[in-house]
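Here are my notes for you to read with the model open beside you. Take the points one by one and look up each residue as you go.

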Amino acid sequence: MHVTLTDVAVEHWPIAGTFTISRGSRTEATVVVAHVSGQGFTGRGEAVPYGRYGETVDGVVSAIRAASTGAAPLTRERILRDMPAGAARNALDCALVDHEAKLRDVTAAEVLGIEMPAGPLPTCFTLSLDVPAAMAAAAMQAVDKPLLKLKLGGGPVDADRMVAVRRARPDARLVADANESWSPGDVAMLLTAAVDAGIELVEQPLPAGADEALSTIDRQVLICADESAHTSADIPRLAHLYDAVNIKLDKAGGLTAALAMAEAARGAGLRTMVGCMVSTSLAMAPAWLLAPYASWLDLDGPLLLARDRTPAITYCDGLMQAPPSALWG
């Protein structure tokens, strides 16, 4: 089966308002979409260059084009072997899965030899980092969302943010994402505040390079690795520091690698969150296939945008429906 890269598109999708985390704010999501074709069918894969790890849009586009040149066939096996984990490999891997599903007239789950998740399933809805009162107001506005994720920014005010959201939404399940913003001196106090606020999971409290300190911290709330967790190779180190890992296709370098990482996490006794970048339904569709591994789905990227693709994944009352086959897979 001869498959070639036919296009690499850079797309800009406006965010509804402003999306803020501890590292900064954005009003637009920039995605890279790879198109591969062969035997009359085209597959697509969407990825988001991850600036936290030095990726740029131009660099990801160049890496996709470079991987598609030469005499070697463009296959999932080859790119997994020859390309590093990251957004470029993710775009190609997802495009190749989509193409094969269309060519064989089967689902992407059948291509991968896994079961298609049954939907709908609950997903987190993210509250952008802000002052406590504003985050509480945003939580009230999301009254139809039963699972909220709070973006935190570090310092004692994070305790106030958690308390404010809990008071605003006593009915909601809450998780929190510190995005590496807590200091070792504050982490014990803030984890206690998380317990008091009924937070069920805290993502990446400490910087990735300082997370060994977690081995000495007593905690009564689950802690999830995000920026520390990239591929299956990270799992052995993380298993004694964290309770869960956030698997994102852009970090793992595609759906193929993400499935392997989910298996490794399960084998190590770690729970799994399936996460995303701010991006369209095209990026959420392959991540949906990881749902059987997940204790938490965090696939709300399209809900943070001012508009989405057509067709798109349907979200209603905090539940995510299975992606339509016309979108992907």
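1. Let's start with a pair of neighbours: Asp 82 and Arg 81 join their side chains in a salt bridge, at 2.8 Å from N to O. Bear in mind that this is a predicted model. Asp 82 is partly exposed, at 44% relative accessible area, while Arg 81 reaches 60% and is exposed. Arg 81 gets that label because exposed means over 50%.

2. Now go to helix α3, which covers residues 87-104 and holds both Asp 98 and Lys 102. They sit four residues apart, about one turn of the helix, and their side chains form a salt bridge with an N to O distance of 2.4 Å. Is Asp 98 buried or exposed? Asp 98 is buried, with a relative accessibility of 0%. Lys 102, on the other hand, is partly exposed at 26%.

3. Some salt bridges share partners. Lys 149, Lys 151, Asp 177, Glu 203 and Asp 298 are joined into one network that way.

4. Which parts of the chain does the pair of Glu 227 and Arg 23 link? Glu 227 belongs to the loop between β9 (222-225) and α8 (235-238), and Arg 23 to the loop between β1 (4-21) and β2 (24-38). These are distant parts of the chain, with the two residues 204 apart. Their side chains meet in a salt bridge at 3.1 Å, N to O. Glu 227 has a relative accessible area of 2%, so it is buried; Arg 23 is partly exposed at 40%. As for the total, the count of salt bridges comes to 22.

5. On to the backbone, where two prolines deserve a look. The peptide bond from Gly 119 to Pro 120 is cis, its omega being near 0 degrees. You'll find Pro 120 in the loop between α4 (108-112) and β4 (121-122). The bond from Thr 310 to Pro 311 is cis too, with omega near -5 degrees. Pro 311 is in the loop between β12 (296-297) and β13 (315-316).

6. Glu 180 has a positive phi, near 70 degrees, and lies in the loop between β7 (173-177) and α7 (184-196). Glu 180 counts as buried because its relative accessibility is 12%, and the cut-off for buried is under 20%. For Asp 317, phi is positive as well, at about 55 degrees. Asp 317 is in the loop between β13 and β14 (319-320).

Note on methods
Residues numbered from 1 in each chain as written. Predicted model: local features only at pLDDT ≥ 70, side-chain atom pairs only at ≥ 80, totals over all residues. Heavy atoms only, no water. Salt bridge = Lys/Arg side-chain N within 4 Å of Asp/Glu carboxyl O. Buried < 20%, exposed > 50% of the residue type's maximum accessible area, 1.4 Å probe, protein only.
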